[in-house]
Amino acid sequence: MMGVPPRVRDALAMLGCCLDTVSITGVEVAARHGVYQYEREADHPFIFDVAALVDTSAAGRTDDLAGTISYADLAEDARAVGDSAPVSLLETLGERVAQRVLARGALAAEVTVHKPEAPVPGRFTDARVTVRRLADIARGGTIREMVIGMGANLGEREETLRAAISQIAALPVHINAVSSFRTTAPVLAPGQAPQPDYLNAVMRLTTELAPLNVLAALRDIEVRAGRERRMHWGARTLDLDIEWVEGVRSTHPLLTLPHPRAHTRDFVMEPWQEIDPDATAKLARARESEHTSVGGGVGLDAGGHRA
């Protein structure tokens, strides 16, 4: 499935994400890409097949194009890259189209670039290169630091947090540090009924897991702690949020990185700074990247974030 590893497919299924595909084939441009000088002296046909892995369920329910990725946009991406300054390799064209598709919010992209007039001796039908790329939140295999926010305001709060720490430690991760526990007031909507205070902490860990795999594991730990998702901003037995991932930003509906309100929350920033003096600088750099980079879609809270 578009090069998506089985472990990531399982995580997406656990998170309730539909694995749909939007695609367009046969997008043709006339361009001068090629290794040899004579290829750059006249136009030749290049044909693009582009596919995006995207959850189209919202678009299907609402009949709203904003809930998906348009195949017209995929065609635009192919033409924009195909019409750009000449490059030597089909791999370069495929890579550039794939990155544009991922920037639209796709979880994965598959791009095939055909060059039917490739400079190859003898008779042949087609020359093509296919590239498959994953969004950063779906890509594992790179050791990265992550910051996890933890909170509970129902039941035996400290016991619940300590159990969650133990369960996270059982994952293929290395826990670098855990902050002290601190009591904080709940964040409530106007008119919302009072709630007990939270007990909060922050954890730093490193892992090769994709952020989506970590998110799915955290959701599972929440459920085992008795977490229910019935009310926005409701009280909870356990709340586990991914606040920041080294080198990753995302506006995907499944996972917003960095957490869009982490910098405003003392119950996140104070324990994070306790275990990492560079916390504020790291988050500032990530948020600066967020404002200057292209992203796909409007990010939603992934782990039942307290708003």
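Confidence first. The average pLDDT over the chain is 90, and 92% of the residues score at least 70. There is a stretch to treat separately: residues 291–307 have a pLDDT below 50. In the model that stretch still has 63 contacts beyond near neighbours in sequence. Where pLDDT is low, the predicted coordinates should not be read in detail.

Next, the annotation. An unreviewed UniProt entry places the feature "domain: Dihydroneopterin aldolase/epimerase" at residues 22–133. In the model, that span is 29% helix and 30% strand.

Now to helix packing. Two packed helices are described by the angle between their axes and the distance between the axes. I have two pairs to show.

The crossing of α1 past α6 is left-handed. Which residues in α1 and α6 meet? On the α1 side they are R7, V8, A11, L12 and M14, and on the α6 side L212, N213, A216 and D220. Sorted by class, this contact has 6 nonpolar residues, 1 polar and 2 charged.

The second pair is α3 with α4, where α4 covers residues 90–103. Here the axes come within 9 Å and the crossing angle is roughly 145°. α3 passes α4 in a right-handed crossing. From α3, the residues involved are L74, D77, A78, A80 and V81; they meet L93, R96, V97, R100 and V101 of α4. By class, that contact comprises 7 nonpolar and 3 charged residues, with no polar ones.

Last, two points on the backbone. D63 sits in the loop between α2, residues 57–62, and α3, residues 71–82. Its phi is near 60°, which is a positive value in a residue other than glycine. So much for D63.

The other point is further along the chain. Is the peptide bond from L257 to P258 cis or trans? In this model the bond is cis, with omega near -10°. P258 belongs to the loop between β11, residues 255–257, and α7, residues 266–275.

That is the end of the talk.

How values were computed. Residues numbered from 1 in each chain as written. Predicted model: local features only at pLDDT ≥ 70, side-chain atom pairs only at ≥ 80, totals over all residues. Heavy atoms only, no water. UniProt positions renumbered as here; feature names shortened; annotations may be inferred. Helix = DSSP H or I, 4+ residues; strand = E, 2+ residues; numbered from the N terminus. Left-handed = near helix turned anticlockwise from the far one by under 90°. Contact = heavy atoms within 4.5 Å. Nonpolar A, V, L, I, M, F, W, Y, C, P; charged D, E, K, R; others polar. pLDDT = per-residue confidence, 0-100. Axes fitted to C-alpha atoms, helices over the stretch in contact; angles between N-to-C directions.
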